[in-house]
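Please have a look at the sequence and structure first.

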Amino acid sequence: MAMAVQRLYPDAKVTIGPWIENGFYYDFDMEPLTDKDLKKIKKEMDRIIGQNLPLIREEVSRDEAQRRILAVNEPYKIEILESIKEEPITIYHIGNEWWDLCAGPHVESTGNIRRKAVQLESVAGAYWRGDTNKPMLQRIYGTAWEDEEQLKAYLHFKEEAKRRDHRRIGQDLDLFSIQDEAGGGLVFWHPKGAVVRHIIEDAWKKIHIQRGYDLLYTPHVAKANLWKISGHLDFYKENMFDQMEIEEELYQLRPMNCPYHILVYKRKLHSYRDFPIRVAELGTVYRYELSGSLHGLFRVRGFTQDDAHIFCLEHQIKDEIRGVLDLTEEILLQFGFDKYEVNLSTRPDKAVGNDDIWVKATSALKDALNDKRWSYQIDEGGGAFYGPKIDLKIEDALGRKWQCSTIQVDFNLPQRFDITYVDSDQEKKQPLMIHRAVLGSLERFFGVLIEHYAGDFPLWLSPTQARILPVTDAQLEYCNEIWRRLKANGLRTEICSGERLPKLIRNAEKQKIPLMAVVGPKEAETQTVTVRSRHGGELGTMPIDEFITRIKCAVESRTFL
């Protein structure tokens, strides 16, 4: 592709071109491109494929590579060369015409590529090295497969993902918005989206209270010095909003909840008999993200973490980790997620804490996973500097994986905040601390839920469970009586009127309402409703009490009606 671009646009300068999931991209310093240009580039690529040019690997010295790069006036390649630490430098040639720095390997010749299995997808702007102070480049995205059938399958998947895009569904179903007047990455939960959030939060709180957690609410800002003690100002500053001055003191919007939970722990002296201590909070945090990286509910600047911290003793780690895994499984199953990818990350080269505690903590994580009989992969050296961790990705209806739950042992913050307890010998010791989140971010999890269900939420989670549809306005009084009875039973319902019945039904289907209760003269006379289900079709005519009972049973069993 890069060769085709430089054939058509000789002044274009190449930069980097990595593979990514389901494809690749390549960045060029050149004039802006359009979709029409992509068609020209693809035709040129097809010509190169048709020429069946060999791809030849060459090893050169660093000085020789630099000489060649300067000769063709490719300044970005010089910077790339400087970042390559291995020797010798490898160059790949396409025939005798074009070459690039590359580690390889490649196919033997361009003829091995099936032109009908390659497609250029889009063009976008991208800053060199992601730095807004550096030049804006043209990024071309493409995808390549072994055969045309694989490409067709991928394009079908892509269309389905587009149909499920939470940003479009969120707008169509009036669930949430991000308002320009308020700023990018700040989420407004609309009434229907707020209902789903309320259900998620209620389920989350109920399970946590049952499993021995104490709920907390903590401030959204704190003195900047708190984030100095925690280390965030030293290691996380680029992701934090600027500080604000209040009465000659600096304050900071919180990027994390951990220091607050530690302050709650430190409010009094603890005994070894108090452990484990489990605290949990749905705490909103604020992180600075570049405007170009913001993406619907998936990448925002203000979001609510389902944060919890467990303070425990060494011998309690395994049981506490196992408890977190059980709780995680219970919560995710409620929302329809039963397939996970689990990773265990171990000690990196630079880490705090002695070898003994790392070994014990890592063994505890492994033992808890083995007890659950969960398969997992080990990411050697991939742990945080402050402790080993378990990361869990959930699989959605399309087979996509989403980073969700995380469990991290922390040897760092207990030291930084000097938290202690009194042991059985009346000596002060330092407890262990476990960070954990199940849903991760409510905003992001809601986005995943929307895409998983394509906005067609199960009955128990649907913002409107039943819509009452009068055939004519003459039935409105009876509809209001149905509405009151459903509301009195805790069911989420609404009345829609003013249109012909076929249009009312179509509108309800577009809004993905699970149940429609049609009310005509006969239903009003017999005090019944005729029920239509999105998933079960026509359910027939039934008394109101039976309708209410069937909804409640379906909600309790988490099934469709």
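Does T362 count as buried or exposed? T362 counts as buried, because its relative accessibility is 11% (buried is under 20% relative accessible area, exposed over 50%, partly exposed in between, with a 1.4 Å probe and protein chains only).

A word on the basis: this is a predicted model, where local features need pLDDT of at least 70 and side-chain atom pairs count only at pLDDT 80 or more, while totals for chains, interfaces and linings use all residues. Residues are numbered from 1 along each chain as its sequence is written, and side-chain values use heavy atoms, without hydrogens and water.

T362 sits in helix α12 (helices are DSSP runs of H or I, at least four residues, numbered from the N terminus). Leaving aside neighbours within four places in sequence, T362 is in contact with T346 and P388 (contact is heavy atoms within 4.5 Å). L344 lies 18 residues from T362 in sequence, and their C-alpha atoms are 8.6 Å apart.

Some helices to find in the viewer:

| Helix | Residues |
|---|---|
| α7 | residues 191-210 |
| α11 | residues 317-334 |
| α12 | residues 355-372 |
| α14 | residues 442-453 |

The buried residues of α11 include I317, I321, V324 and L332. Just after α11, G336 has a positive phi of about 90°.

Conventions: Helices (H or I, at least four residues) and strands (E, at least two) are DSSP runs, numbered from the N terminus. The expected span of a helix is 1.5 Å times one less than its number of residues. Axes are lines fitted to C-alpha atoms, for helices over the stretch in contact, and angles run from 0 to 180 degrees between N-to-C directions.
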